[in-house]
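Biologist: Hi, I'm new to this one. Could you walk me through it?

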Amino acid sequence: MTHNATAVEGAAEDRAVQPEVEPLDEPVSRETPEDSPAPPADTPPDPNTPIAHEAAEAVRVLNIRQEHWPRPPAPRVFTVANQKGGVGKTTSTVNLAAALALHGVRVLVIDLDPQGNASTALGIDHSVGTPSVYDVLLGGRSIADVTTTAEFAPLLQCVPATLDLAGADIELTSQVAREYRLQRALNNFLAGQAERDPSERIDYVFIDCPPSLGLLTLNALVAAREVLIPIQCEYYALEGLAQLLNTVELVTSHLNPTLTVTTVLLTMYDSRTRLADQVADEVRNHFGDLVLSPTIPRNVRVSEAPGFGQTVITYDAGSRGAIGYLQAAREIADRGAAVSSTGESGEQ
C-alpha cells in the first residue's frame, strides 16, 4: 500500500509542474493557404530526373518527332544467321526492323524459322493455314501474296512462318533448283516494286534463319547479299563461328558470289562481367569495322516484349534494350546510305 501511495503522489507532482498550454486563437488548417504563391504555369519540368530522362529516350526511340533516316540507294538484303540458338537472331531481326520502319525506312521481314517467333514479335498471325513463306518456297506463290503489314508500323511488312515450314527441309530435297527458291521469289518481288513505283520500294529485307545450316538457311544465304551475324557475348557463341563463316564462303564460291559478311552485332552484353568484355574484344579484333559500335545489353524488357506480341521498341521504348537496338539500327542506316547501288543477284 505504501509503495502504491508513493507512486500516485509522484504522478500528481509531475502533473503539477507541467506548463499549461494556451489555446490557439485560430483553428489549424491542413490546406494550402489561398494567398500562397503558385508555381509559374510555364515552368519546364526538370530534365535531369530519371523519369524525364526515360521519357525523352522513349520519344526518341518511337520517333514522335517524325525524324527520317537515310534510305539506301538500292535494297539491302540481309540474312540474319548463326547456327547457334539463343544468340538473339530473331530478337535482333524484329527490333532492327521496327526501329528502321519507325524512322521512315521501308522494311520487309521474312520469317524463315518454323517456330515463327519473328511473326509473333511483330504481332502477325501465323496459325496453321495462314499464307506463309512455306507457300512461297513450295507452293509457287509470290511474296506479295503472303505479306502482312505490322499494325504499329505501316512501313514494316512481314512474310510469316507457320508450322508447315518444319518439314520444308525434307520436301525441298527433291525439288529442282532447291537452293534458289527464295532468291527467285524475292528478286521478282523487288523487281515488281521497282516497276510499279520506285518511291514505294523496300529498302531493307531481313531474313530470320532457323538455328541450323540446313536448306532453309541455305535458301536465305543464296537470296541475300549481306550476312548479319548476332554474337552473344559468351564463350560458347564463338565456337560455331568458324563453321558459319565456312558455310558463307562455300555459298559465295558456288551459289551466290555477291554474298558477304557486312555486319556483326554483339548481343546480351553484361558489363558486370569480364567475360563479356573479353568476348567483345576478340570479336572486334577479328571482324574489325564490321562490328557495329553499339552493343545490345542484357535487359529483361527485351525478353518480356514477345510475350505481348511486341518488339522491345514498342513495349518499353525507354529501356536500355530498346535504346541499344535503336542505335544499332541507326548505324546500319548510315552505313546503307553510303552503299553504292548494285544490281539484283541472279541465279548461278
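Biologist: Among contacts in the chain between residues at least 6 apart in sequence, what percentage join residues at least 24 apart?
Modeller: That comes to 81%. Keep in mind that this is a predicted model.

Biologist: Good to know. How many helices and strands does the chain have?
Modeller: There are 15 helices and seven strands.

Biologist: And what share of the residues counts as buried?
Modeller: Of the 348 residues in the chain, 47% are buried.

Biologist: Let's pick a helix. What is the reach of α11 from its first C-alpha to its last?
Modeller: Helix α11 covers residues 241–254, which is 14 residues, and it reaches 20 Å. That is close to the 20 Å expected at 1.5 Å a residue.

Biologist: Which residues of α11 are buried?
Modeller: L241, L244, T247, V248 and V251 are the buried ones. They sit on the same side of α11, because they cover an arc of only 125° around the axis.

Biologist: Why do residues three or four places apart point the same way?
Modeller: An α-helix has 3.6 residues a turn, so residues with that spacing point the same way.

Biologist: What do the buried residues of α11 pack against?
Modeller: They pack against α9 (215–223), β6 (226–232), α10 (236–239), β7 (260–267) and α12 (274–287).

Biologist: Which exposed residues are on the face turned away from that buried side?
Modeller: On that face of α11 you'll find A242, E249, S253 and H254.

Biologist: You mentioned α9. How do the axes of α8 and α9 cross?
Modeller: The axes of α8 (residues 181–196) and α9 come within 7 Å and cross at roughly 40°, so the two helices are oblique to each other. The crossing is right-handed. In α8, R181, L182, Q183 and L186 meet N219, A220, V222 and A223 of α9.

Biologist: And at what angle do α3 and α15 cross?
Modeller: Helix α3 (residues 89–101) and helix α15 (residues 320–337) cross at roughly 70°, with their axes coming within 9 Å. That makes α3 roughly perpendicular to α15. This crossing is right-handed. The contact is made by T91, S92, N95, L96, A99 and L100 of α3 with Y325, L326, A328, A329, I332 and A333 of α15.

Biologist: Changing topic: where does T162 lie?
Modeller: T162 is in the loop between β4 (156–159) and α7 (168–172).

Biologist: Is T162 buried or exposed?
Modeller: T162 is buried, as its relative accessible area is 1%. Not counting residues up to four places away in sequence, T162 touches P114, H126, S127, T130 and S132.

Key
Residues numbered from 1 in each chain as written. Predicted model: local features only at pLDDT ≥ 70, side-chain atom pairs only at ≥ 80, totals over all residues. Heavy atoms only, no water. Helix = DSSP H or I, 4+ residues; strand = E, 2+ residues; numbered from the N terminus. Expected span 1.5 Å × (residues − 1). Buried < 20%, exposed > 50% of the residue type's maximum accessible area, 1.4 Å probe, protein only. Arc of directions from axis to C-beta. Contact = heavy atoms within 4.5 Å. Axes fitted to C-alpha atoms, helices over the stretch in contact; angles between N-to-C directions. Parallel < 35°, antiparallel > 145°, perpendicular 65-115°, else oblique. Left-handed = near helix turned anticlockwise from the far one by under 90°.
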